[in-house]
2 protein chains.
Amino acid sequence: MLYEQMLRFTTRNSGRMAKAKKSGVSPRKMPAQDRSRATVELILDAAARILVKGGYNAFTTNRVAERAGVSVGSLYQYFPNKESLLGELMRRHVAELERGLAAITADAAKRPIADTVRALIEESVRAHLIDPELHRVLSEEVPHLGSLDWRHAYEARCTQRVREFLEARRSELSVTDLDLAIYLVTRTVETAVHDAVGHRAEDLRSGALAEELSRMITVYLTGKAPAVRRPLKVAAE
Amino acid sequence: MLYEQMLRFTTRNSGRMAKAKKSGVSPRKMPAQDRSRATVELILDAAARILVKGGYNAFTTNRVAERAGVSVGSLYQYFPNKESLLGELMRRHVAELERGLAAITADAAKRPIADTVRALIEESVRAHLIDPELHRVLSEEVPHLGSLDWRHAYEARCTQRVREFLEARRSELSVTDLDLAIYLVTRTVETAVHDAVGHRAEDLRSGALAEELSRMITVYLTGKAPAVRRPLKVAAE
DNA sequence: GTATAACATGAGCAATAGCTCGTATTAGTG
DNA sequence: CACTAATACGAGCTATTGCTCATGTTATAC
């Protein structure tokens with residue numbers, strides 16, 4: 001399980017989210033028995049299903065508890081507040097993304113830049129096709145969670161990986177401002193793939209979008225068109 | 001003024017936004033005297049300021065009215081519901097974007113593709129630098145307004161303009177799927193510029209980001225690097 | 001001046017949300 | 001079985017929000 005931190009203090013605070021938000025984004029209490037671990041999963045599943053079905057509007061703690069078949073009380077035993085529920089959901093999603101990314105950059109040294117770029121993009125596509133609707137709601141309908149430093153941390157780690165990869169190949173690149181290029185590239189891929197989930201699902205699934213994106217990014221970085229052009233799919237394979 | 005449509009029926013509906021949303025997104029009543037026109041501006045200004053300062057969280061009708069120095073009643077005389085306030089704010093923002101775009105695509109025929117691409121991108125940058133914080137809140141913090149067909153209409157119009165421009169130059173392009181290319185290009189520019197407002201404001205203002213983006217898009221579309229390379233700024237000028 | 005329409009006010013209703021806490025149930029241990 | 005800790009329950013408190021409506025004020029027409 002993923003509960004890194006736990007047990008934030010509970011500011012006695014009644015009424016609906018007052019001035020200062022509750023406080024944690026991580027689970028309040030580590031479930032110890034199997035029973036409660038199952039409950040936590042039940043709750044998270046219900047939360048995801050509600051978000052997908054009704055959007056952030058429908059996402060109320062009472063509703064989540066009901067759908068999960070548990071009481072609100074149980075929900076609040078493991079999640080200090082509504083936000084923490086979203087937090088855990090996001091953490092899981094993001095972890096998936098990061099795993100794939102790490103695997104690819106790990107052995108990028110032995111392959112041409114174009115291949116790595118393509119692999120990264122295809123990995124991003126793959127990750128975005130897992131429960132895409134949840135992903136969409138999570139990142140564009142959910143009000144921006146205050147002080148979610150882990151999010152920035154995640155983005156920083158991703159950027160860092162890409163940076164290491166590109167710096168190692170600096171001589172092969174034709175961009176002047178590497179820093180800016182990294183920013184542009186990572187953002188473009190992330191946002192384009194993300195946006196495509198909602199607007200170009202077919203092209204995402206068919207791989208056409210990844211193909212075009214790869215071409216765009218590779219040419220931008222290296223200054224020359226990637227080898228393959230006419231035959232849309234690589235010969236090998 | 002911009003009030004295209006007006007005076008939607010008022011479903012007697014008490015309490016906080018029930019199941020079926022109120023109904024309109026456009027002003028309820030056309031202000032007729034100068035006095036009320038001023039009130040409307042006051043309200044919109046207050047709304048914008050509140051959104052910028054406190055985000056969507058702080059955006060409540062009571063607060064807006066208070067900040068505007070008018071009563072809630074007055075607010076609801078011109079805006080049928082909270083959503084319509086956001087609607088008008090967005091409409092104004094978007095109108096600005098569209099004006100610039102139209103002007104550029106209008107006389108794109110006589111200029112090289114690279115120039116038009118660049119002009120479009122720079123225009124986008126310019127538009128995003130007007131009250132950037134409001135722009136940000138509006139498009140990423142505001143819950144997605146239901147049935148905001150004008151938004152899709154706007155995006156469609158923009159895409160259409162770009163399509164006409166690119167189709168006229170079809171022979172100069174090296175992309176295979178023009179439709180996909182248009183999608184990719186418009187989204188990339190929009191999202192990259194948008195994202196940069198929050199994360200790369202300096203590069204936006206300096207023009208560096210527009211420079212890089214232009215290069216990336218142009219090369220992608222035409223298949224060959226734009227004329228200028230070493231000298232970062234165009235010689236002429 | 002008077003009548004009428006446009007405009008402005010703000011106390012307060014109805015609904016709903018997040019969250020608590022006293023109590024009941026179950027699991028684990030001896 | 002007895003005892004404790006973990007888990008589960010859910011009625012309901014409190015704050016807050018979107019919005020209305022009865023009433024007052026100002027402008028315009030005659």
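Student: What does "buried" mean here?
Tutor: Buried means under 20% relative accessible area. Over 50% is exposed, and anything in between is partly exposed. One caution: this is a predicted model.

Student: Which residue does Glu211(A) meet in a salt bridge?
Tutor: Arg215(A). Their side chains meet with N to O at 3.6 Å. Arg215(A) is buried too, at 7% relative accessibility.

Student: Where do Glu211(A) and Arg215(A) lie?
Tutor: Both are in helix α10 of chain A. They are four residues apart, which is about one turn of the helix.

Student: Which residues are in the salt-bridge network with them?
Tutor: Arg118(A), Glu122(A) and Glu212(A) are linked in a network with Glu211(A) and Arg215(A).

Student: How many salt bridges are there over all chains?
Tutor: The count comes to 38.

Student: Show me some in chain B. What does Arg136(B) meet?
Tutor: Glu133(B), in a salt bridge of 3.1 Å, N to O. Both lie in helix α6 of chain B, three residues apart. Glu133(B) is partly exposed, with a relative accessible area of 32%.

Student: And which residue does Glu155(B) form a salt bridge with?
Tutor: Arg187(B). The closest N and O atoms are 3.6 Å apart. Glu155(B) lies in helix α7 of chain B and Arg187(B) in helix α8, so the pair ties together parts that are 32 residues apart in sequence. Both residues are buried.

Student: New topic. How is chain B related to chain A?
Tutor: By a turn of 180 degrees and a shift of 0.1 Å along the axis.

Student: Why do you say the copies meet through the same surface?
Tutor: Because 100% of the interface residues of chain B are also interface residues in chain A.

Student: How many salt bridges cross the interface?
Tutor: Four. One of the salt bridges in the model joins Asp179(B) to Arg200(A), at 2.9 Å, N to O. Eleven residue pairs are in polar contact between the chains.

Student: What about the largest nonpolar core? How many residues?
Tutor: It has 60 residues. Among those with the most contacts inside it are Leu213(A), Ile217(A), Leu213(B) and Ile217(B).

Student: Why would nonpolar side chains end up together?
Tutor: In soluble globular proteins, nonpolar side chains tend to be buried together.

Student: Take Leu221(A). What is it in contact with?
Tutor: Leaving aside neighbours within four places in sequence, its contacts include Val117(A), Leu166(A), Ala181(A) and Val185(A).

Student: Now Ser139(A). Where is it?
Tutor: Ser139(A) is in helix α6 of chain A. It counts as partly exposed, at 26% relative accessibility.

Student: Which residues does Ser139(A) touch?
Tutor: Met90(A), Arg151(A) and His194(A), not counting residues up to four places away in sequence. Met90(A) is 49 residues from Ser139(A) in sequence, and 8.7 Å away in space, C-alpha to C-alpha. With His194(A), the side chain of Ser139(A) makes a polar contact of 3.3 Å.

Student: What phi does Asp131(B) have?
Tutor: Also a positive one, about 45 degrees. Asp131(B) lies in the loop between α5 and α6 of chain B, and is partly exposed at 36%.

Definitions and conventions. Residues numbered from 1 in each chain as written. Chains lettered and ligands numbered in written order. Predicted model: local features only at pLDDT ≥ 70, side-chain atom pairs only at ≥ 80, totals over all residues. Heavy atoms only, no water. Least-squares fit on C-alpha atoms with pLDDT ≥ 70 in both. Contact = heavy atoms within 4.5 Å. Helix = DSSP H or I, 4+ residues; strand = E, 2+ residues; numbered from the N terminus. Buried < 20%, exposed > 50% of the residue type's maximum accessible area, 1.4 Å probe, protein only. Core = buried A, V, L, I, M, F, W, Y, C linked by side-chain atoms within 4.5 Å. Polar contact = N/O pair within 3.5 Å; in protein donor to acceptor, adjacent residues only side chain to side chain.
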